[in-house]
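Thanks for coming, everyone. Please bring up the structure on your screens, and we will walk through it together.

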Amino acid sequence: MSHQTTHRTHTARVPGQPRATEAAPVAAERGPGTVEVTLTVNGTVHDIEIEPRVSLLDALREHLDITGPKKGCNQGACGACTVWVDGRRVVSCLTLAISCEGHEVTTVEGLADGDELHPMQQAFVEHDAFQCGYCTPGQLMSAIALIEEGHADDDAEIREWMSGNICRCAAYPNICSAIRAVRDASEGGR
Ligand code: FES
Ligand code: FES
């Protein structure tokens, strides 16, 4: 008499991974509808009502009327929307506004000290580093950050670390001159 054996297939469990019932607690879900998001921009705290899918760029421009960051490609390719989050440059079109809660956002509007331009803004003026000016806010945010990052030793390095910022007017040589001038002035001040 033959016995039939029934084999059951069990889903393999990866060692170290929790069972479904042991899943780690997840953060409270917000959205997909409108939620309140708190953003600190240039030192001012703002509460806005947005869907969690809204980009930082749209939150700034459409909800806070902070229009320095420009929308070029909206795909992370042109750098026109560059801002700093906790001092680090990011393309705001690919950054979710909700992910910036608890962080400091700085836009080109936050560079000047009252009527006194930031040295990089002044250098852009003196070196004729912009034409239409559309890319300029993003160029400025990158240019300042790249010196602080230590990426301005020579022209090749400046070009490489500014390469995420596209200028349709091709003001590149003058942008490089402005960056060199600020770099040299800050080195002289050390
Ligand atoms: S608009 Fe963000 S990189 Fe072009
Ligand atoms: S100055 Fe016109 S796009 Fe750069």
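Start at Thr107. Leaving aside neighbours within four places in sequence, Thr107 is in contact with Val41, Asn42, Leu60, Ile66, Pro69, Val83 and Met141. Contact here means heavy atoms within 4.5 Å. Thr107 sits in the loop between strand S5 (104–106) and helix H2 (119–126). Helices (H or I, at least four residues) and strands (E, at least two) are DSSP runs, numbered from the N terminus. Is Thr107 buried or exposed? Thr107 counts as buried, because its relative accessibility is 0%. The cut-offs are these: buried is under 20% relative accessible area, exposed is over 50%, and partly exposed lies in between, with a 1.4 Å probe and protein chains only.

A word on the ground rules. This is a predicted model, where local features need pLDDT of at least 70 and side-chain atom pairs count only at pLDDT 80 or more, while totals for chains, interfaces and linings use all residues. Residues are numbered from 1 along each chain as its sequence is written, chains are lettered from A and ligands numbered from 1 in the order in which they are written, and side-chain values use heavy atoms, with hydrogens and water left out.

Now the sheet. Five strands form an open sheet with mixed pairing, in the order S2-S1-S5-S3-S4. S2 and S4 are the edge strands, each with a single partner, so one side of each has no neighbour in the sheet. On average, neighbouring strands are turned by 40° against each other, direction ignored. Strands count as paired if DSSP finds at least two bridges between them.

Take S1 (35–41). Its pairing with S2 is antiparallel, over seven bridges. Val35 stands opposite Ile50, and Glu36 stands opposite Glu49. The two strands make a hairpin with two residues between them, and Asn42 in that turn has a positive phi of about 50°. S1 and S5 run parallel, joined by two bridges. Five of the seven residues of S1 are buried, so S1 is largely enclosed by the rest of the structure.

What packs on this sheet? Helix H1 does, touching S1, S2, S3 and S5, and its direction makes about 100° with that of S2. Angles run from 0 to 180 degrees between N-to-C directions, with axes fitted to C-alpha atoms, for helices over the stretch in contact. In H1 (residues 56–63), Leu56, Leu57, Ala59 and Leu60 are buried. Just after H1, Asp65 takes a positive phi of about 60°. Helix H3 (residues 136–148) lies across S3, S4 and S5, at about 45° to S3.

Last stop, Arg89. This residue lies in strand S4 (residues 88–91). Arg89 counts as buried because its relative accessibility is 19%. Its side chain makes a polar contact with the side chain of Ser142 at 3.0 Å. The side chain of Arg89 also reaches the backbone oxygen of Trp161 at 3.0 Å. A polar contact is a pair of N or O atoms within 3.5 Å; within protein, one must be able to donate a hydrogen and the other to accept it, and residues adjacent in sequence count only if both atoms are side-chain atoms.
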